[in-house]
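Visitor: I have a structure open and would like to learn how to read it. Please take me through it feature by feature.

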Amino acid sequence: MNTLPQHDWQPSRKTPQAQGLNRPMAWIGVMLLAMLVAVGLARWSGLDPRTPDAAVQWQRDLQFRDLPSGDIAVMDHRTGQKVAVFSGEQGFLRSTLRALARERQRESLGKEAPFLLIGRTDGRLTLQDPSTGQRIDLESFGPSNAAVFASLRLAGPTAP
């Protein structure tokens, strides 16, 4: 004797609701595939999404040295004079310099070559390492962080 209730099972048919759901999902899949193909073609063709840099308005060659006190001394490479000293934590300055120094160390380059602080006609600032070709667009990190490096433009007794 079977005590389970008996059901009138019918062959499975797609309900109109299920059919309506499959069509939008198919279109979403087609759109995603089209976007992937478009991005792949753009990369394969060598398209560079970056906008070209504005002309250089000013440039300063700087060296950064760690002092025994934990401070960071900024030296003008052309004159050899100290133009600024940064005390305290200086998180953005230290992390930026650490990133560039790490690349120099990876390529077994010395610390003697200066970094280039470049001001552009559109107001953007770039810190570039000509030894490795690495660059950091400072305005990408906000105006207060970029201001740390912007203050070095006219710092020191022999500012350009």
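Visitor: How many bridges join β2 to β3, and do they run parallel or antiparallel?

Guide: First, the ground rules. This is a predicted model, where local features need pLDDT of at least 70, side-chain atom pairs count only at pLDDT 80 or more, and totals for chains, interfaces and linings use all residues. Residues are numbered from 1 along each chain as its sequence is written, and side-chain values use heavy atoms, with hydrogens and water left out. Now the general idea: strands of a sheet pair through backbone hydrogen bonds, either parallel or antiparallel. Two strands pair here if DSSP finds at least two bridges between them. Helices (H or I, at least four residues) and strands (E, at least two) are DSSP runs, numbered from the N terminus. In this case, 4 bridges join β2 to β3, and the two run antiparallel. Val74 stands opposite Ala84 in β3. The hairpin of β2 and β3 has 5 residues between the strands, and Gly80 takes a positive phi near 80° there.

Visitor: Which strand does β1 join, and through how many bridges?

Guide: Strand β1 (residues 56–66) is joined to β2 (residues 72–76) by 5 bridges, and the strands run antiparallel. Asp66 stands opposite Ile72 in β2. β1 and β2 form a hairpin with 5 residues between them. Gly70 in that turn has a positive phi of about 95°.

Visitor: What is the strand order of the open sheet?

Guide: The 6 strands are ordered β3-β2-β1-β4-β5-β6, with antiparallel pairing. β3 (82–86) and β6 (135–137) stand at the edges with a single partner strand each, so one side of each has no neighbour in the sheet. From one strand to the next, the twist averages 25°. Axes are lines fitted to C-alpha atoms, for helices over the stretch in contact, and angles run from 0 to 180 degrees between N-to-C directions.

Visitor: Which way do the residues of β2 point, and are they buried or exposed?

Guide: In a regular strand the side chains alternate between the two faces of the sheet. Buried means under 20% relative accessible area, exposed over 50%, and partly exposed in between (1.4 Å probe, protein chains only). Ile72, Val74 and Asp76 point one way from β2, Ala73 and Met75 point the other way, and all are buried. β2 is mostly covered, with 5 of its 5 residues buried.

Visitor: How many salt bridges does the structure hold?

Guide: A salt bridge is a side-chain nitrogen of Lys or Arg within 4 Å of a carboxyl oxygen of Asp or Glu. The structure holds 9. One of them pairs Asp53 with Arg120, the closest N and O atoms being 3.8 Å apart. Asp53 lies in the loop between α1 (16–44) and β1, and Arg120 lies in β4, so the pair ties together parts 67 residues apart in sequence. Asp53 is partly exposed at 42% relative accessible area, whereas Arg120 is buried at 7%. Asp53, Arg120, Arg135 and Asp137 are linked in a network of salt bridges.

Visitor: Which residue forms a salt bridge with Arg60?

Guide: Asp76 does, with the closest N and O atoms 3.1 Å apart. The pair links distant parts of the chain: Arg60 is in β1, Asp76 in β2, 16 residues apart. Both Arg60 and Asp76 are buried. Another salt bridge joins Asp61 to Arg78, with closest N and O atoms 3.5 Å apart. Asp61 lies in β1 and Arg78 in the loop between β2 and β3, so this pair ties together parts 17 residues apart in sequence. Asp61 is buried at 12% relative accessible area, whereas Arg78 is exposed at 61%.

Visitor: At what angle do α2 and α3 pack?

Guide: Helix α2 (residues 91–106) and α3 pack at about 70°, with their axes 9 Å apart. Angles under 35 degrees count as roughly parallel, over 145 as roughly antiparallel, 65 to 115 as roughly perpendicular and the rest as oblique. The two helices, α2 and α3, are therefore roughly perpendicular to each other. Contact means heavy atoms within 4.5 Å. Phe92, Leu93 and Thr96 in α2 meet Asn145, Val148 and Phe149 in α3. The residues of this contact divide into 4 nonpolar, 2 polar and no charged. Here Ala, Val, Leu, Ile, Met, Phe, Trp, Tyr, Cys and Pro count as nonpolar, Asp, Glu, Lys and Arg as charged, and the others, Gly among them, as polar.

Visitor: Is Thr96 buried or exposed?

Guide: Thr96 is buried, with a relative accessible area of 5%. Leaving aside neighbours within four places in sequence, Thr96 is in contact with Leu127, Ile136, Leu138 and Phe149.
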